[in-house]
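Here is a friendly walk through a two-chain model, starting where the chains meet. Have a look at the structure first, then read on.

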Amino acid sequence: MSLLRRPRLPLAMALILLAAAGGGLAFNLLMPQGVGWLPEAVARPLWRPLELARAVRLRQQGALMVDARDPGHYKAAHLRGAVNLSPRERELLWPLLEPQLRRAPAVVVYGRYRSRWPAAEIAQFLCRQGLRRVYVLQATLEQCRAAGLPLRRRRPRRQGS
Amino acid sequence: MKRLSRFITLGARLFLAGVFLYASYDKVWNPAAFASAVAAYDLLPLWAVNPASVLLAWLELVVGLLLLAGVWVRPAAAWAALLLVMFMGLLVYAGLTGAGYDCGCFPGQEGGHAAGFGAALRDLGFLLPALWLLWRGESAPARRRP
């Protein structure tokens, strides 16, 4: 009983951590808004992964490239011809890009950070909107450039003008 | 003097409990939104974002409840101090990188509270009551006069 009333500090801190972990686990298992171990777009993907070589072929056949990264990164460098549709601006840009995306024979989404995979999120969204051939590119921008996909980089600003 | 100390302890405990409960309820109830806020810092690998954000939200909730109830005050204050130091580190990092995203600290702050030095300074203010409680949190109750 006295241990419960005044436990040693490290032990009590460990118990608090355990209580938080237990509560979090139970809540996320039982409640409908609970999250899984991985984001839904990654754990239960509706899109298909795409190798770089196939992406090059698809692009030649008219596939539309979608850059799912934040606008700042898109402006700094992106694949030539790619449109920017990031999760943050999805609601705003989807109505504008929808006709172009629906017309495309296939859509190849790319973009990844350490903690986020916006490409997976956007591809999942596009699949839910009824687009059929939606792929997520499994390559970095540098790998794309090395494979012959042209990159468009932001030009450095001229000084003094 | 002792009465003043107890008064400060009570104030610090209730204030910190309020801060942690207010900060945690939305994170606990909307775990996906908080996971997005955690992911925005881009420090954890993808597989760690959801578990870490859930644990963080619940840790804040448990700490807030314990402080409110006055149970295990020193361990709860120790967690509060640890969390606040960690948050300050993250906010300073965000300030240095010039990220400009929402700090994800409290609910209903869309666009108004960017992660950065200002938010780190605010957390430094929250750290003071946590350190006080860590120091004086569970001092022995005063002896009753015969």
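In this predicted model, 30 residues of chain B are in contact with 26 residues of chain A. On the chain B side, helix H2, helix H3 and helix H4 each supply at least two of the residues that touch chain A. The most comes from H3(B), which gives 12 residues. Sorted by class, the side of chain B that touches chain A has 25 nonpolar residues, along with two polar and three charged ones.

| Helix (chain B) | Residues |
|---|---|
| H2 | 31-40 |
| H3 | 46-69 |
| H4 | 73-97 |

What else does chain B contain? Of its 146 residues, 42% are buried. When contacts in chain B between residues at least 6 apart in sequence are considered, 66% of them join residues at least 24 apart.

Now to the sheet of chain A. Five strands of chain A form an open sheet with parallel pairing, in the order S1-S6-S5-S2-S4. Strand S1 (48-50) and strand S4 (83-84) of chain A stand at the edges with a single partner strand each, so one side of each has no neighbour in the sheet. Within the sheet, strand S5 (residues 107-110) of chain A pairs with strand S6 (residues 134-137) of chain A in the parallel sense, over three bridges. A:Val109 stands opposite A:Val136 in S6(A).

Technical notes. Residues are numbered from 1 along each chain as its sequence is written. Chains are lettered from A and ligands numbered from 1 in the order in which they are written. This is a predicted model: local features need pLDDT of at least 70, side-chain atom pairs count only at pLDDT 80 or more; totals for chains, interfaces and linings use all residues. A residue is buried if 20 or more other C-beta atoms lie within 10 Å of its own, exposed if 12 or fewer, and partly exposed in between; C-beta atoms are placed from the backbone. Two residues are in contact if their C-beta atoms, placed from the backbone, lie within 7 Å. Two strands pair if DSSP finds at least two bridges between them. Helices (H or I, at least four residues) and strands (E, at least two) are DSSP runs, numbered from the N terminus. Ala, Val, Leu, Ile, Met, Phe, Trp, Tyr, Cys and Pro count as nonpolar, Asp, Glu, Lys and Arg as charged, and the others, Gly among them, as polar.
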